[in-house]
Amino acid sequence: MTTNGLNRLRDLRAMPYSGPLKRPFITSRRRVESVQGVLVELELEDGSIGYGTAAETWAVTGESVASSLAAINGPVFEALTGRDLSLREAEDAIASCCVGNTSAKAAVDVALHDAWASGLGVPLAVALGGRPDAHAATDMTISLDDPEAMAREAIAASSDGFEILKVKLGGDPAVDLNRLESVHEAVPSARFRLDANQGWGAKEAIRMIRRIEDAGIPVDLVEQPTPKANLDALAQVTAAVDTPVMADESVADERDAWEILRREAADLINIKLAKCGGIRPALAIADLAATAGVGCMMGAMMEPRVSVAAAAHVALAHPNIQLVDLDSAEWIQDPRIAGGYELEGSRLSLTEAPGLGMSMDSALTEGTAP
Ligand SMILES: [Mg+2]
């Protein structure tokens, strides 16, 4: 930051990014074999540099690599360029420069915060008010597949030190219970988070969750059992079962969160930077939920390590974000991006590096390696 507390954009560059997955990521909505996205490198007038990333998520935010590049190089760049801005003014400029494009906005917003915290010389989580020794346990996701394949994945995740498994369901309801039983049998010590990705109707969800409760399988929460636009269905499930129900696709931004809280439609909210468009709205959702006594989880899309690092810093800075679901970077085979946080088994913690603390292969930022 400059001496008057303001800063000015010196450079903003966005380039395509591609990272192969170690294994396909499969939900009831989509199948992903590699992460296609955009990498942002931003430099402020005081010389501090920040990074951000966005992933192509047609099925969630409707964004592509091309649309993200167009948004960042167009309205986002114009909103930030040529004038002195406070951090708050820069955040607002990004948020209001165009509608939608939340992944693209989040990539630039994260890069801005990375540079800002780097300039302050502290980890981003600390700049946001968190403790440097904060830590959390992340889950590992088990893709939607046949019961035997899911059991094999669960055993592998458990042997890597993950005690909480996020099991993707919401496929054929007749098979979903077999899937969960198979995973539970394979790893009896694990706790589970279930994610139906909108795959069930309200009655189906209630029947399924009650059967799981009766079977005594340790399930900590069920994410987005019903279609995202049908908040009545979500509220119906939440009221009918003992297991906590979490809203994911139903909540993109603060307005969605307010609607969920007002209707008591969910017990928990899953916050993602790519859905809400940046760090300030993410913190605002966590604050809003806290006033209603609703806890939050920090998640991420299947997106590059920079995005996951940003989510980790935000989660570890806010007392109402008690749960983290930040395993995405473990799926990506890409040694060109490292740092940002430490993961030992399932234990996620900060490093002492300022900002996000990413280390980046220069071939990526020079745009010579997509
Ligand atoms: Mg989800």
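Trainee: Which residues does Glu 223 touch, not counting residues up to four places away in sequence?
Mentor: First, a caution: this is a predicted model. In it, Glu 223 touches Lys 166, Leu 194, Asp 195, Ala 196, Asn 197, Met 246, Asp 248, Asn 270 and Met 297. Each counts as a contact because heavy atoms lie within 4.5 Å.

Trainee: Why is Glu 223 called buried?
Mentor: Buried means under 20% relative accessible area. Glu 223 has 0% relative accessibility, so Glu 223 counts as buried. The residue is in strand β8, residues 219-223.

Trainee: What makes the link between Glu 223 and Lys 166 a polar contact?
Mentor: The cut-off for a pair of N or O atoms is 3.5 Å, and one must be able to donate a hydrogen and the other to accept it. The side chains of Glu 223 and Lys 166 are joined at 2.9 Å. The pair is therefore a polar contact.

Trainee: What about Asp 195: buried or exposed?
Mentor: Asp 195 has 1% relative accessibility, so Asp 195 counts as buried. Its place is strand β7, residues 191-195. Leaving aside neighbours within four places in sequence, its contacts are Lys 166, Val 167, Lys 168, Leu 169, Glu 223 and Gln 224. With the side chain of Lys 168, the side chain of Asp 195 makes a polar contact of 2.8 Å.

Trainee: What makes Asp 195, Glu 223 and Asp 248 donors of the magnesium ion?
Mentor: Donors are N, O and S atoms, and the cut-off here is 2.8 Å from the metal. Asp 195 (OD), Glu 223 (OE) and Asp 248 (OD) lie 2.0 to 2.3 Å from the magnesium ion. They therefore count as its protein donors. Along the chain, the donors follow the spacing D-x27-E-x24-D. Glu 223 lies in strand β8 and Asp 248 in the loop between β9 (245-247) and α9 (254-263), so this pair ties together parts that are 25 residues apart in sequence. Asp 248 is buried, as is Glu 223.

Trainee: Where does UniProt place the feature "binding site"?
Mentor: An unreviewed UniProt entry puts "binding site" at Asp 195, Glu 223 and Asp 248.
Trainee: How do you know that they gather at one spot?
Mentor: They span 54 residues in sequence, yet no two of their C-alpha atoms are more than 9.2 Å apart, so they gather at one spot. Of these residues, the lining of the largest pocket includes Asp 248.

Trainee: Which residues carry the UniProt feature "active site"?
Mentor: The unreviewed entry names Lys 168 and Lys 272. The lining of the largest pocket includes Lys 168 and Lys 272.
Trainee: Why is Lys 168 called buried?
Mentor: Its relative accessibility is 5%, so Lys 168 counts as buried. Lys 168 lies in strand β6, residues 164-168. Among the residues it touches are Phe 25, Thr 141, Asp 195 and Asn 197.
Trainee: And why is Lys 272 called buried?
Mentor: Lys 272 has 9% relative accessibility, so it also counts as buried. Lys 272 is found in the loop between β10 (268-271) and α10 (273-276). Not counting residues up to four places away in sequence, Lys 272 touches Asp 248, Gly 299, Ala 300 and Met 301.

Trainee: How do you know that domain 1 and domain 2 are in contact?
Mentor: 40 residues of domain 1 are in contact with 45 residues of domain 2. The domain assignment gives domain 1 as 9-121 and domain 2 as 127-362. Their C-alpha centres lie 22 Å apart.

Trainee: What makes the phi of Glu 264 worth a look?
Mentor: Most residues other than glycine have a negative phi. Glu 264 is not a glycine, yet has a positive phi of about 50°. The residue sits in the loop between α9 and β10.
Trainee: Why is Glu 264 called exposed?
Mentor: Exposed means over 50%. At 63% relative accessibility, Glu 264 therefore counts as exposed.
Trainee: And why is Asn 101 called partly exposed?
Mentor: Partly exposed is the range between the two cut-offs. Asn 101 has 23% relative accessibility, so the label is partly exposed. Its phi is also positive, near 55°.

Key
Residues numbered from 1 in each chain as written. Predicted model: local features only at pLDDT ≥ 70, side-chain atom pairs only at ≥ 80, totals over all residues. Heavy atoms only, no water. UniProt positions renumbered as here; feature names shortened; annotations may be inferred. 1 Å grid on protein atoms, 1.4 Å probe; cavity = no way out; pocket = protein on both sides within 12 Å on 5 of 7 lines; lining within 4 Å. Helix = DSSP H or I, 4+ residues; strand = E, 2+ residues; numbered from the N terminus. Buried < 20%, exposed > 50% of the residue type's maximum accessible area, 1.4 Å probe, protein only. Donors = N, O, S within 2.8 Å, 3.2 Å for Na, K, Ca; no water. Domains from an automatic or database assignment.
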